[in-house]
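Have it open while you read.

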Amino acid sequence: MSASAPRVVLGVSGGIAAYKACELLRRLTESGHRVTVVPTAAAMHFVGEATWAALSGRPAATETWETVHEVPHVRIGQNADLVVVAPATADLMAKAAHGLADDLLTNTLLTARCPVVFAPAMHTEMWEHPATQENVATLRRRGAIVLEPAVGRLTGVDTGKGRLPDPSEIFEVCRRVLARGGLDTDLAGRHVVVSAGGTREPLDPVRFLGNLSSGKQGYALAATAAARGARVTLLSANAELPDPAGVDVVRVSTALQLREAALKAVVDADVVVMAAAVADFRPAEYATGKIKKVEGVDPAPVALVRNPDILAEISAHRARPGQLVVGFAAETDDVLANGRAKLARKGCDLLVVNEVGGGKAFGQDTNAAVVLGADGTEVTIPDGPKESLADAVWDEVAARLG
Ligand code: CTP
């Protein structure tokens, strides 16, 4: 391993997911990182020193009072290029948020001046508790990257939000943060508004006109913006997805409700991203009772009226100077030409154009797109996870925020 290998501290706090940190450690060392493992005393109940030492090729640093002459409680943090805590328990994040330093890992967190990534793992109730949420918000405000826990099977028979994100995902974040020099908090202090999902335009109490948007891309935009330090308001239209932590979620259903919520939210926004699929038309009439079929009588045609174009309205009447507005365009044909025309028509600063239809984009976990800028730029984003596309969009936004 070269002397210039990035120095990573892997903090491990005491949760059953500690065993998954072994996989993260293996990926880090195999890709040429010099890793010092700092497990808490509780973590050592789950995975022992021998495992950490064997996988990292170095002794694990467990005690503030060992090798005191080397001042490990100061040196380990000072010398690190990145600290990643995986799993980060509610207790560990509470200590970090309040600056407590009663063991080697919490000391290391106080002396580190490099990027810090927390990968939380805990039961859903603990994650959702206001105390934890406030601690997460504090850590994020200070520039730490707190990943969203994954949703799925927890310890025992429970399922919900709180699983440690997949070690491969944590590894990708670490690699990205090291490559970007920790610039992932470039949205700190910004308020961003993201719309997600698809509107539903009711015909009667049980029927609506809708679309196939799952909301995954908008939710990825919200989660990644929060991870990059932004205060995020997510306007969610009928998306059946868990709320990203640290994000204010406003639920809407129709285009008119989305417009009302958007105009309210954008008042103090630095950035507005309209990722929702908004119905262009709504039924002219709403039947208060269920529409019944009548034998032998043809159904009445459904008359439609235009919905307001929210993106165009927000673009034309910027709520504050320098507000950046981003639109999305789902196209099936002539993707780029239609995208350019739409960008001009909507008057936004950026338009993320993706090709849909034939199983592409809607409801999928990956997406490819071209980001068109009103300034003439054209950035192609290859097919990849919706989080990667979201990050690429925030890169374009951050470059323009100055
Ligand atoms: N949009 C909006 N209000 C509407 C319709 C769309 O704010 N009433 C926003 C979407 O959120 C998206 C962008 O406009 O950011 C593009 O929407 P799209 O439906 O693809 O474009 P249209 O203008 O409807 O063009 P066309 O129907 O020709 O595809």
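Which residues of helix 10 (residues 255–265) are buried? Keep in mind that this is a predicted model.

1. The buried residues here are Ala 255, Leu 258, Ala 261, Ala 262 and Ala 265. Looking down the helix axis, you'll find them within an arc of 125°, so they line one face of helix 10.

2. Ser 236. Have a look at this one in strand 11 (residues 231–237). Ser 236 has a relative accessible area of 1%, so it counts as buried, the cut-off being under 20%. Its side chain makes a polar contact of 2.7 Å with the side chain of Tyr 219. Beyond its neighbours within four places in sequence, Ser 236 also touches Ala 196, Val 249, Val 250, Arg 251 and Val 252.

3. The ligand site. There are 14 residues around the ligand, and Met 274, Ala 276, Leu 311, Phe 328 and Lys 346 come nearest.

4. Polar pairs at the ligand. A ligand oxygen sits 2.7 Å from a polar backbone atom of Met 274, and a ligand oxygen is 2.8 Å from a polar backbone atom of Phe 328. For Asp 280 it is an N or O atom of the side chain that lies 2.8 Å from a ligand oxygen. On its own the ligand exposes 580 Å², and the protein buries 78% of that.

Key
Residues numbered from 1 in each chain as written. Predicted model: local features only at pLDDT ≥ 70, side-chain atom pairs only at ≥ 80, totals over all residues. Heavy atoms only, no water. Helix = DSSP H or I, 4+ residues; strand = E, 2+ residues; numbered from the N terminus. Buried < 20%, exposed > 50% of the residue type's maximum accessible area, 1.4 Å probe, protein only. Polar contact = N/O pair within 3.5 Å; in protein donor to acceptor, adjacent residues only side chain to side chain. Contact = heavy atoms within 4.5 Å. Arc of directions from axis to C-beta. Near = heavy atom within 4 Å. Areas by Shrake-Rupley, 256 points an atom, 1.4 Å probe, with all protein chains shown as cover.
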